[in-house]
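Please open the model in a viewer and keep the selection panel at hand. The stops below say what to select next and what is there.

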Amino acid sequence: MASRRLVQLSNEHWIVLNIKRSTVHHLQRCCVHSRIKEDLEDENFKVLNILRDKDVKRFKWEKPPDVRTLSRADCMKTDMNWTSVWPTKAPFRWGSVPLPIRQGYRKKEYKLSAGKYGNAELVKIPNFLHLTPPHIKTHCQAIKKFCTEFPSELKNREIRKANFPLEVITSDYVTCGTSIRDPRSREVTVNVDLSVLKFDEHSVTKIKKLAGDKMDEKAMTLQLKSDRCPVRKQNFDFNVYTLTALYYESQEKEDWEDEMEESDWVKYQWDKTQSKKKILKLKHRIQQINSGEKTDLASSVSKSDPSVSVVDTEDDIQSYKSAFSNLKDEGDSRETLNAYKQSVLKLLKL
Amino acid sequence: ILIRRPALEVMDILKRLNYNYPLTRFLLYGEMNAGKKFTMTHIMHYCRSQNWVLLTVPWANEWNCKRLDVSFNHHKESLFDLPVHSKILLEDFLLKNMSLIKEFTTSTTYEFSEHEASEQGIPLTDLISFGITRMKFANDVVGALLKELQILANNDKIKLLVTIRGINSFWRKTGQKKEKVQEIHAQQLTLVNQFMELLQSDTKNAVAMCSTESWVNDVTDRKSYLPTELMGKEGVDFLEPFLPIEVPKYGNAELQSVMDYYIDRRWIQAPEAKTLDGRAQIKFLSGHNPYQLYRVCVPL
């Protein structure tokens with residue numbers, strides 16, 4: 001801070017007071033009294049330096065050399081061995097990494113993220129510079145002498161599936177932190193190829209009903225997933241348990257299964273439905289009419305059960321049965337409906 | 001002149017049909033606005049020319065709409081009457097079949113309530129007009145009429161054609177509520193029950209033509225047009241054995257003939273539309289759908 005003032009001294013001389021202050025150098029302040037006396041002897045207008053003396057040599061604060069100009073990263077060659085630079089897991093060292101990384105949030109949009117020099121954020125996040133492809137390669141080379149070769153026959157997927165019907169899928173999670181545990185790694189998926197097991201018609205439908213979504217009917221595979229137990233081994237055992245339970249339950253037949261209702265049927269079974277009765281009755285009537293019997297409505301109702309006289313293995317009834325079951329099973333499309341129409345026409349003798 | 005294949009199919013079957021057999025049921029199905037109603041009217045006209053008795057239900061979903069005139073049935077506690085609709089049905093029937101049913105008389109007495117009863121032997125027309133005048137008993141009259149028609153058909157006196165448009169409304173909920181609280185299902189309406197009885201009966205000389213319409217469903221639900229999807233399991237089980245007849249969209253020849261008709265009637269005015277190019281454009285825009293063709297030609 002510098003300022004000029006007109007000051008009246010004690011002997012009524014006016015001098016120009018030119019104050020120059022320096023914030024640092026308190027020690028260098030000269031004594032005021034002695035200065036004034038010297039100047040008064042000359043009786044000239046002299047600038048009064050209260051605090052600072054230009055001639056005295058000041059201690060200059062030397063700037064330390066800029067660390068950023070020459071770090072290890074800048075001196076690295078492009079073909080150097082990275083495994084020797086970063087041998088083990090280590091916190092991020094900005095000086096050793098030759099990458100122009102940026103990390104961090106800036107309030108002003110036009111500013112780039114902060115660079116790597118002294119960036120605490122880069123240190124906080126986990127880095128995998130100790131597991132780069134060259135690292136993995138050296139690891140594998142070290143382990144290779146303990147391994148045998150993968151059998152070439154098993155490289156074919158079908159052979160694998162035929163020989164190993166059970167497929168166990170587990171997942172490991174890697175993180176760079178203080179703990180290597182991850183709760184997601186307890187999940188176990190077991191894919192079972194059911195074609196190696198014995199199933200008859202009843203047990204196939206039963207296991208389909210029991211397993212629900214988990215079973216693929218066409219491919220005959222069962223996919224069991226479990227993560228309900230805390231440990232991976234327990235989950236695997238649980239999956240095996242469900243598999244055994246499903247298999248043995250489907251082999252057994254309970255008494256009450258015979259009471260299954262129409263809405264639960266997997267395939268439409270025409271023989272057990274009301275439509276069979278209807279059709280047989282219709283057929284019976286047609287036969288009666290054709291043979292010229294005189295029947296009133298009343299008497300035909302009281303006649304015996306039509307299924308006795310009408311054989312249900314006849315051609316048109318069979319075709320009706322297949323067409324109708326098709327319609328029910330596969331839904332309606334032009335083809336199924338056309339087939340159904342033909343069978344009905346046949347039944348009505350058209 | 002436009003004659004569509006499904007109509008010809010049905011008429012062909014009708015000619016060959018042995019009328020001593022029990023009731024045959026046809027089911028017309030097709031995409032929305034494919035022309036099911038048109039084929040039905042065609043067949044009805046044909047049957048009329050053969051002097052059949054027509055019993056028509058023009059739009060079965062009307063019974064399901066929000067109408068407040070529902071009253072309880074006297075005979076059965078659980079069923080609901082629709083007096084206005086029954087009256088409309090009776091009027092319609094009378095109008096169409098006046099000349100044919102003049103001679104017939106009722107065979108039994110029908111008791112409508114403690115005081116009102118119709119005796120045996122009165123002419124059918126009287127019964128119907130009684131139903132029209134006394135709306136309270138209109139639904140019961142409809143039931144009586146159906147029974148009478150069945151008896152007549154069985155005695156080889158008339159040939160009966162029943163047409164129901166939108167039969168898949170029989171198995172839906174109605175929009176009405178009993179005393180504004182409880183929902184009514186279509187199965188709880190007497191009209192529906194009467195018609196279902198008729199359809200299942202073993203009457204000779206009778207043919208039923210039903211159509212499944214996707215209009216019956218709510219606006220959101222209208223994508224399906226195939227019969228089993230629309231009628232549901234109950235419907236299919238009830239109606240079978242039926243003859244499903246598809247009503248397809250216009251073929252090329254049909255489209256050309258319809259456009260010829262429009263031009264002939266001076267409907268299509270713009271000269272560009274009459275050229276071959278214009279016709280191709282119209283064909284593309286309408287997508288072979290009869291209704292769409294109509295809509296496209298409207299501003300022309």
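A salt bridge here is a side-chain nitrogen of Lys or Arg within 4 Å of a carboxyl oxygen of Asp or Glu. Keep in mind throughout that this is a predicted model.

**Stop 1: a salt bridge inside chain A**

Select A:Arg186 and A:Asp227. Their side chains form a salt bridge, with 3.8 Å from N to O; that value falls under the definition because the cut-off is 4 Å. The two residues come from distant parts of the chain, 41 residues apart. A:Arg186 sits in the loop between strand S3 (166–170) and strand S4 (188–193) of chain A, and A:Asp227 sits in the loop between strand S6 (221–226) and helix H8 (232–251) of chain A. A search over all chains gives nine salt bridges for the whole structure.

**Stop 2: H7 and H8 of chain A**

The axes of H7(A) and H8(A) are 8 Å apart, and the packing angle is about 135°. H7(A) is therefore oblique to H8(A). Their crossing is right-handed. To show the contact, select A:His202, A:Ser203, A:Lys206, A:Ile207, A:Leu210 and A:Ala211 on H7(A), then A:Leu246, A:Glu249, A:Ser250 and A:Gln251 on H8(A). Sorted by class, the residues in this contact of H7(A) with H8(A) are four nonpolar, four polar and two charged.

**Stop 3: H12 and H13 of chain A**

Move along chain A to helix H12 (residues 315–330) and helix H13 (residues 334–347). Here the angle is about 155° and the axes are 9 Å apart. H12(A) and H13(A) are therefore roughly antiparallel to each other. The crossing of H12(A) and H13(A) is left-handed. On the H12(A) side, the residues in contact include A:Tyr320, A:Ala323, A:Phe324 and A:Leu327. On the H13(A) side, A:Leu337, A:Tyr340, A:Val344 and A:Leu347 are among them. By class, the contact of H12(A) with H13(A) has ten nonpolar, four polar and four charged residues.

**Stop 4: between chains A and B**

Now show both chains. How many residues of chain A are in contact with chain B? The number is 26, and they meet 28 residues of chain B. About 2,400 Å² is buried between the two chains, and carbon and sulfur atoms give 60% of that area. The count of salt bridges between chain A and chain B is one. To find a salt bridge between the chains, select B:Glu9 and A:Lys341, where the closest N and O atoms are 2.6 Å apart.

**Stop 5: B:Val296 and its surroundings**

Go to chain B and select B:Val296, which lies in helix H11 (residues 290–297) of that chain. Leaving out residues up to four places away in sequence, B:Val296 touches B:Ile282, B:Leu285 and B:Ser286. Between B:Val296 and B:Ile282, the C-alpha to C-alpha distance is 7.0 Å, with a separation of 14 residues in sequence.

The crossing of H10(B) and H11(B) is right-handed. B:Ile282, B:Leu285 and B:Ser286 of H10(B) make the contact with B:Gln292, B:Leu293, B:Val296 and B:Cys297 of H11(B). By class, the contact of H10(B) with H11(B) has five nonpolar, two polar and no charged residues.

Notes. Residues numbered from 1 in each chain as written. Chains lettered and ligands numbered in written order. Predicted model: local features only at pLDDT ≥ 70, side-chain atom pairs only at ≥ 80, totals over all residues. Heavy atoms only, no water. Axes fitted to C-alpha atoms, helices over the stretch in contact; angles between N-to-C directions. Helix = DSSP H or I, 4+ residues; strand = E, 2+ residues; numbered from the N terminus. Parallel < 35°, antiparallel > 145°, perpendicular 65-115°, else oblique. Left-handed = near helix turned anticlockwise from the far one by under 90°. Contact = heavy atoms within 4.5 Å. Nonpolar A, V, L, I, M, F, W, Y, C, P; charged D, E, K, R; others polar. Buried area = accessible area lost by both parts, 1.4 Å probe.
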